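Take a walk through this model, from the contact between its parts to single side chains. Keep the viewer open and follow along.

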2 protein chains.
Amino acid sequence: MEALHVYDTTLRDGAQQEGLNLSVSDKLAIAGLLDDLGVDFIEGGWPGANPKDTEFFERARTELDLRHATLAAFGATRRAGGVAAQDALVQALVDSEASVVCLVAKSHTGHVERALRTTLGENLEMVRDTVSHLVGRGRRVFVDCEHFFDGWHLDRDYALSVVRTAHEAGAEVVVLCDTNGGMLPHQVGEVVADVLASTGARVGAHCHNDTGCAAANSVAAVRAGATHVQGTVNGYGERTGNADLVTVAANLQFKLGLHAMDPDALRRAMHIAHAISEVTNVPAYSRQPYVGASAFAHKAGLHASALKVDPDLYQHMDPALVGNGMRTLVSDMAGRASIELKAREAGLDLSDRPEVVASVLAEVKELELRGWTFDAADATVELMLREALDPGCTDYFEVESWRVITDSSGEGDATSEATVKLRADGARLIATGEGNGPVNALDHALREALTRAYPEIEKIELIDFKVRILDASHGTDAVTRVLIETSDGETSWDTIGVAGSILAASWRALTDGIVHGLLRQGVPRR
Amino acid sequence: MEALHVYDTTLRDGAQQEGLNLSVSDKLAIAGLLDDLGVDFIEGGWPGANPKDTEFFERARTELDLRHATLAAFGATRRAGGVAAQDALVQALVDSEASVVCLVAKSHTGHVERALRTTLGENLEMVRDTVSHLVGRGRRVFVDCEHFFDGWHLDRDYALSVVRTAHEAGAEVVVLCDTNGGMLPHQVGEVVADVLASTGARVGAHCHNDTGCAAANSVAAVRAGATHVQGTVNGYGERTGNADLVTVAANLQFKLGLHAMDPDALRRAMHIAHAISEVTNVPAYSRQPYVGASAFAHKAGLHASALKVDPDLYQHMDPALVGNGMRTLVSDMAGRASIELKAREAGLDLSDRPEVVASVLAEVKELELRGWTFDAADATVELMLREALDPGCTDYFEVESWRVITDSSGEGDATSEATVKLRADGARLIATGEGNGPVNALDHALREALTRAYPEIEKIELIDFKVRILDASHGTDAVTRVLIETSDGETSWDTIGVAGSILAASWRALTDGIVHGLLRQGVPRR
């Protein structure tokens with residue numbers, strides 16, 4: 001079997017995702033990360049069709065230093081009735097200087113006739129002419145057969161004739177695309193096997209997730225003989241997205257024992273997937289297979305005691321292989337074992353401190369009765385553990401008082417102003433902050449006051465804020481739970497606050513977030 | 001083939017998801033929605049193991065009126081060395097009065113010996129004893145064989161003996177669980193086929209999404225002969241989640257032509273999935289198959305004209321079958337229809353007022369772009385419609401200004417004081433209210449000020465309050481969406497506010513809630 005191609009189309013098909021807009025610099029940054037991930041091909045865009053993509057290929061020549069991956073340019077077969085050698089868009093592919101060109105071609109008779117509005121014969125000629133022209137210019141050519149699976153079901157002979165034409169004209173790989181995403185794995189396997197048996201072509205697969213089966217369909221294609229898989233990082237793409245390339249590669253590597261990517265590169269997968277989501281500004285999905293923040297997180301108390309003894313019983317693989325780690329969530333189902341595991345994750349040894357485990361467990365249970373939840377607030381649990389082990393170690397500052405005033409004239413938006421009074425470093429620290437909303441104002445005032453004693457907090461930033469009203473039957477009299485995610489630019493941590501007032505709950509989560517950040521940096525108390 | 005069982009475990013296994021915490025009232029609300037969705041079984045929790053779940057089954061008897069679904073209680077086989085008839089946890093299952101009991105049993109020799117710490121023989125005896133005891137008490141018993149697929153690979157004979165034991169003791173279905181989620185579809189198909197061929201049991205499947213294949217694995221199980229599938233709404237669950245039950249049912253129904261759910265109920269799938277995400281407060285995932293907001297959204301561009309001519313060329317199915325819509329093309333028509341429907345629900349006749357429908361639709365679309373959502377805020381839409389039909393009819397009072405001050409001394413809770421200035425009944429109405437939190441204080445001040453002009457508001461009460469931060473990547477700078485439910489003691493209605501400040505958003509929803517209540521009572525403007 002030929003070495004498997006792992007072909008990334010994050011920068012082209014992935015960028016079709018709603019709300020995802022990449023600048024040329026973003027694309028260059030992502031391309032560098034994709035190379036680190038160990039993909040074989042990076043489809044950079046459609047030069048000629050899109051000025052941004054033309055610029056990407058120009059800048060890539062000098063600004064991108066790929067160590068493993070090969071850059072590919074995406075384009076289409078030439079215009080109906082024309083000649084490839086005189087087609088401006090085909091010429092733009094040559095001008096991009098990409099050594100690989102991936103051409104989209106129609107293979108579904110309905111699309112040829114109703115969308116492309118040409119004849120079935122001319123479409124074949126467009127494929128032949130464009131592929132052979134580009135091969136003649138020294139390019140490696142891959143052909144993406146759009147709507148292939150639907151086309152095969154509608155008119156198998158015609159779909160196969162497109163594959164044969166591309167192959168005979170010199171295409172290195174013919175990629176079968178489930179463009180509308182409606183296939184299931186057994187259907188993909190059947191079609192791939194038929195194409196392999198009926199044509200001499202090397203076959204690839206390009207799947208979308210409309211049936212929730214993009215990863216399974218890609219694996220089914222490879223099991224049926226495909227040796228080229230296309231996908232995107234984080235499964236970005238139009239509608240439900242493309243096949244998630246890390247999920248596909250990890251399945252092939254760890255579940256089927258094939259070589260998809262360099263094992264050392266795969267160990268960076270979680271880091272790279274998250275770094276790419278920072279560039280795209282699409283929040284990472286915590287339940288994402290392999291690389292999601294929750295992908296190896298365990299909640300059930302039932303499991304936690306056994307987990308401690310034998311982690312392999314409760315995880316399908318070693319999470320370190322994809323750069324992830326096992327986490328246990330402390331919750332009302334959890335017990336002693338969860339607390340001990342949580343401590344171990346934080347690098348704290350509680351093996352000879354059963355009284356600390358017991359007191360933290362009692363505190364967790366007591367707070368949970370009042371609406372606290374710790375499974376999404378690791379940092380708060382860690383602060384409780386550290387404080388129990390070394391009383392006073394979290395006392396970075398003393399809170400004297402705080403106040404927020406929000407006002408609005410009429411029906412428009414409101415403005416908030418917060419004043420906080422703290423004591424630290426032997427002084428009273430008083431500061432005022434303004435904000436869009438009251439929590440934003442509190443955050444600004446708190447930061448402003450603390451900077452004088454702890455300039456280290458400059459790196460620490462609030463990045464997410466969630467509110468939940470508990471026991472809704474009492475309306476605004478109810479208890480409010482606030483979860484805050486804080487970051488130092490490298491990692492992030494979650495804290496919780498629960499109080500009758502949303503602002504008191506926010507204050508608790510905000511201050512814990514900052515204290516955790518200071519402890520993490522090893523900042524001494526002043 | 002037996003009629004397929006669609007078995008929902010959102011309330012039990014789904015609730016294992018990180019960050020997901022359901023009150024008993026939340027669980028009852030979700031159970032009602034699951035019944036509307038057309039699932040056959042609703043697993044309510046583990047009575048006896050968890051006081052919240054015991055309470056759920058108690059309250060379900062009087063508060064839950066299921067039309068289609070059957071409630072199931074989850075539990076475990078009896079303690080090793082004991083007797084089912086004297087096991088307190090087994091008795092709690094009987095006491096729950098659920099007619100179906102789903103028992104988790106070990107079927108993996110490593111788990112029996114290292115996690116359960118008993119003998120292989122005693123484990124079989126625990127299965128036999130517990131199943132036959134519950135069958136003897138008139139219960140339908142399903143057995144979830146935990147870690148079955150891994151167990152089958154390790155020791156096939158033992159895994160099969162657990163299935164045979166459960167079946168012979170009277171279990172109606174033996175459910176093969178991919179507890180750690182590491183399987184691929186071809187492996188699931190192979191094991192299901194083997195169990196069917198080797199035992200006489202009816203087989204079900206319970207899949208997790210760790211390889212991104214939960215939906216495909218569930219479909220593979222059914223293709224291999226399983227007639228019972230377990231999953232959760234929105235794919236909630238520990239780690240990467242469980243199989244998404246709507247995706248699985250839609251694949252079975254629309255891709256394999258089986259009957260999974262009532263077609264009319266499936267047409268509510270998108271609405272129900274989103275309503276459940278409002279209860280869980282887990283943001284809906286826009287790329288979710290079938291029901292995601294983006295699932296049938298096409299980025300305008302390459303195929304826009306073809307899309308208009310022939311939508312079937314570009315979508316894998318009619319999105320209306322799952323209550324979704326193709327965004328670029330039919331959202332206008334869908335929006336128009338839903339506005340007419342909402343008007344009809346409110347007793348307003350718009351049949352000869354197309355300009356009112358058009359203007360409200362334009363306003364709704366403009367607001368939706370800014371983060372408003374009207375699915376859960378019927379009363380706000382009704383106010384917009386009434387105002388468009390009869391301008392000025394909602395002007396019960398004019399807002400001059402409002403202000404809230406929240407302060408706290410030290411680490412404790414906070415107190416809030418709000419002052420509102422309104423004009424109505426020819427006078428300036430100024431009042432101050434105190435509260436636990438700032439929204440509570442605003443609500444008290446608003447009510448106090450309005451009582452002088454509208455004593456009728458005494459009956460109107462805020463009963464629920466929900467907050468969601470939109471576009472989480474900006475932290476507290478993000479836009480806040482507030483949903484408020486208001487009641488007059490007989491019925492209740494929902495209003496929405498969206499603003500940069502949580503208090504401005506709350507103010508909008510609060511005032512709309514009161515105006516809707518006054519209109520509803522037919523109170524004249526003063």
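The contact between the chains takes 117 residues from chain A and 111 residues from chain B. This is a predicted model. About 8,800 Å² is buried between chain A and chain B. Carbon and sulfur atoms give 52% of that area. How many salt bridges are counted between chain A and chain B? The count is zero.

Now turn to the nonpolar cores. In soluble globular proteins, nonpolar side chains tend to be buried together. The largest nonpolar core here has 186 residues. Which of its members touch the most others? They are A:Leu176, B:Phe56 and B:Leu176.

Set aside its neighbours within four places in sequence. B:Leu176 is then in contact with B:Cys145, B:Phe148 and B:Phe149, among others. Its contacts also include the valines B:Val163, B:Val191, B:Val192, B:Val195 and B:Val203. B:Gly204, B:Ala205 and B:His206 are in contact with B:Leu176 too.

Next, a sheet in chain A. Three strands form an open sheet in the order β14-β15-β16, with antiparallel pairing. The edge strands are β14 (461-470) and β16 (492-499) of chain A, and each pairs on one side only. On average, neighbouring strands of this sheet are turned by 15° against each other, direction ignored. Nine bridges join β14(A) to β15 (residues 479-487) of chain A. Look along that antiparallel pair. A:Phe465 stands opposite A:Ile484 in β15(A).

B:Asp129 lies in helix α5 (residues 120-136) of chain B. Is B:Asp129 buried or exposed? B:Asp129 counts as buried because its relative accessibility is 12%, and buried means under 20%. Beyond its neighbours within four places in sequence, B:Asp129 is in contact with B:Arg78, B:Gly82, B:Val83 and B:Ala84.

B:Arg508 lies in helix α18 (residues 502-520) of chain B. Its relative accessibility is 30%, so B:Arg508 counts as partly exposed. Leaving aside neighbours within four places in sequence, B:Arg508 is in contact with B:Trp372, B:Ile496 and B:Gly497. Finally, compare sequence and space for one pair. B:Arg508 and B:Thr495 are 13 residues apart in sequence. From C-alpha to C-alpha, B:Arg508 and B:Thr495 are 8.5 Å apart in space.

Technical notes: Residues numbered from 1 in each chain as written. Chains lettered and ligands numbered in written order. Predicted model: local features only at pLDDT ≥ 70, side-chain atom pairs only at ≥ 80, totals over all residues. Heavy atoms only, no water. Pairing = 2+ DSSP bridges. Helix = DSSP H or I, 4+ residues; strand = E, 2+ residues; numbered from the N terminus. Axes fitted to C-alpha atoms, helices over the stretch in contact; angles between N-to-C directions. Core = buried A, V, L, I, M, F, W, Y, C linked by side-chain atoms within 4.5 Å. Buried < 20%, exposed > 50% of the residue type's maximum accessible area, 1.4 Å probe, protein only. Contact = heavy atoms within 4.5 Å. Buried area = accessible area lost by both parts, 1.4 Å probe. Salt bridge = Lys/Arg side-chain N within 4 Å of Asp/Glu carboxyl O.
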